[in-house]
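Q: I have a structure open and would like to learn how to read its features one by one. Could you walk me through it?

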Amino acid sequence: QVQLVESGGGWVQPGGSLRLSCAASGSTFRFNVMGWYRQAPGKERELVAIISSVGTRYVHSVKDRFSISRDNAKNTVYLQMNSLKPEETAVYYCYTAATNTWTSRQLVSWGQGTQVTVSF
């Protein structure tokens, strides 16, 4: 099975920065797409950024402030978040769309979530 372990959340003042990390494990899987979603209280989960072999994609509100990257050797995805805003307080979830290289079955997996709080 796939396991996603997130780290790097916490509290930061408006305008500050945080870096999230997510390590994927599952020796028979190829992690085609990795990325981050977030869910604020009372709101639906929304895509923040994803990365694959064809490139990256961001929600418009974070372009030029957030940067997603991955280390394929470590199956780890990072999200550098700069100039954070209070309205970006949310639980941030790591995401992957993966393929089992033995069976060719595809699956989607989520991390447990990490809290990001932006406030004074």
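Q: Which residues does Thr-28 touch, not counting residues up to four places away in sequence?
A: A contact means heavy atoms within 4.5 Å. By that rule Thr-28 touches Thr-99, Asn-100, Thr-101 and Trp-102. Before we go on, note that this is a predicted model, where local features need pLDDT of at least 70 and side-chain atom pairs count only at pLDDT 80 or more, while totals for chains, interfaces and linings use all residues. Residues are numbered from 1 along each chain as its sequence is written, and side-chain values use heavy atoms, with hydrogens and water left out.

Q: Where does Thr-28 sit, and is Thr-28 buried or exposed?
A: Strands are DSSP runs of E with at least two residues, helices are runs of H or I with at least four, and both are numbered from the N terminus. Thr-28 falls in the loop between β3 (18–25) and β4 (29–39). For burial, the classes are buried under 20% relative accessible area, exposed over 50% and partly exposed in between, with a 1.4 Å probe and protein chains only. Thr-28 counts as buried because its relative accessibility is 15%.

Q: What does the picture look like from Asn-100, and which residues is Asn-100 in contact with?
A: Asn-100 belongs to strand β9 (residues 90–100). Leaving aside neighbours within four places in sequence, Asn-100 is in contact with Thr-28, Phe-29 and Arg-105. Its relative accessibility is 15%, so Asn-100 counts as buried.

Q: How do I read a polar contact, and which backbone atom lies 3.4 Å from the side chain of Thr-114?
A: A polar contact is a pair of N or O atoms within 3.5 Å; within protein, one must be able to donate a hydrogen and the other to accept it, and residues adjacent in sequence count only if both atoms are side-chain atoms. Here the backbone nitrogen of Gly-9 lies 3.4 Å from a polar atom of the Thr-114 side chain. Thr-114 is in strand β11 (residues 114–118) and, at 12% relative accessibility, counts as buried. Among the residues Thr-114 touches are Glu-6, Leu-20 and Val-91.

Q: What should I look for in phi, and where does Asp-64 lie?
A: Most residues other than glycine have a negative phi. Asp-64 has a positive phi, near 75°; Asp-64 lies in the loop between β6 (55–58) and β7 (66–71) and is exposed, with a relative accessible area of 83%. Ser-104 also has a positive phi, about 65°, in the loop between β9 and β10 (106–110), and counts as exposed at 54% relative accessibility.

Q: Stepping back, how many helices and strands does the chain have?
A: The chain has zero helices and eleven strands. Of its 120 residues, 43% count as buried. Among contacts with a separation of 6 or more, 56% join residues 24 or more positions apart. Along its principal axes, the C-alpha trace spans about 50 × 25 × 25 Å.
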